Amino acid sequence: QYSSGLESKEELQIKNIVENEAYSFYGANFNEWKKNWLQDDSCLKGSIANQELTTEIKGWKLIEAAYQNMQSRLPLIGINFFEHNYNKISDNIVDAASSFQIITEDPGGPFVQQRILLKKVNGEWKIVALYNDEFDLPN
């Protein structure tokens with residue numbers, strides 16, 4: 001049995017943030033998306049393709065600008081989450097991983113694997129780093 005080290009209430013809060021980040025990012029809802037983030041200079045956002053880091057952005061202002069450049073990417077219908085894993089590193093730090101498929105009007109939407117670092121600030125969990133690998137499965 002997998003143990004995250006989190007209380008069930010904390011685990012639910014983190015799951016909600018992880019899922020809300022994905023829904024609001026791919027659904028182009030900037031105001032909802034940014035609520036999940038710490039929004040300071042320590043934030044990191046990265047993208048991986050073919051097991052190589054292709055983009056890494058540091059600092060909330062640059063992450064925010066990058067989001068606004070690509071916010072209408074997909075005609076999102078839904079997201080099918082397959083897996084969530086959480087590992088409590090300390091009382092205030094959690095490492096989360098998730099995988100999901102983006103459901104669009106075009107069958108066979110891309111799959112995404114994410115690694116997210118969350119930090120508890122003033123009693124609320126916020127994303128401080130997020131790396132994702134978005135890929136299509138071969139036919």
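**Labels and their grounds**

Analyst: This is a predicted model. Start with helix α1: its 19 residues should span 27 Å at 1.5 Å a residue, and its end C-alpha atoms are 27 Å apart, so the two values agree.

User: What makes E10 and K88 a salt bridge?

Analyst: The cut-off is 4 Å between a side-chain nitrogen of Lys or Arg and a carboxyl oxygen of Asp or Glu. The N to O distance for E10 and K88 is 3.3 Å. That is within 4 Å, so the pair is called a salt bridge. E10 sits in helix α1 (residues 8–26) and K88 in strand β3 (residues 76–90), 78 residues apart.

User: Why is E10 called buried?

Analyst: Buried means under 20% relative accessible area. E10 has 8%, so the label holds. Other buried residues of α1 include I14, I17, V18 and F25.

User: Why is K88 called partly exposed?

Analyst: K88 has a relative accessible area of 22%. Partly exposed lies between the 20% limit for buried and the 50% limit for exposed, so K88 belongs there.

User: How do you know that E10 and K120 meet in a salt bridge?

Analyst: Their N to O distance is 3.0 Å. The cut-off is 4 Å, so this pair qualifies. E10 lies in α1 and K120 in strand β5 (residues 111–121), so the bridge ties together parts that are 110 residues apart in sequence. K120 counts as partly exposed, at 25% relative accessibility.

User: Which residues are linked in a network of salt bridges?

Analyst: E10, K88 and K120 are. E10 meets K88, and E10 meets K120. The structure holds 5 salt bridges.

User: What makes K35 and E32 a salt bridge?

Analyst: Their closest N and O atoms are 3.2 Å apart. That is within 4 Å, so the name applies. E32 is partly exposed, because its 26% lies between 20% and 50%.

User: How do you know that strand β1 and strand β2 pair?

Analyst: Pairing needs at least two bridges between the strands. Strand β1 (residues 44–49) and strand β2 (residues 52–58) are joined by 6, so they pair. They run antiparallel. I48 stands opposite L53 in β2.

User: Which residue in the hairpin of β1 and β2 takes a positive phi?

Analyst: N50 does, near 50 degrees. The hairpin has 2 residues between the strands. A positive phi, near 60 degrees, also belongs to A28, which follows α1.

Notes: Residues numbered from 1 in each chain as written. Predicted model: local features only at pLDDT ≥ 70, side-chain atom pairs only at ≥ 80, totals over all residues. Heavy atoms only, no water. Helix = DSSP H or I, 4+ residues; strand = E, 2+ residues; numbered from the N terminus. Buried < 20%, exposed > 50% of the residue type's maximum accessible area, 1.4 Å probe, protein only. Expected span 1.5 Å × (residues − 1).
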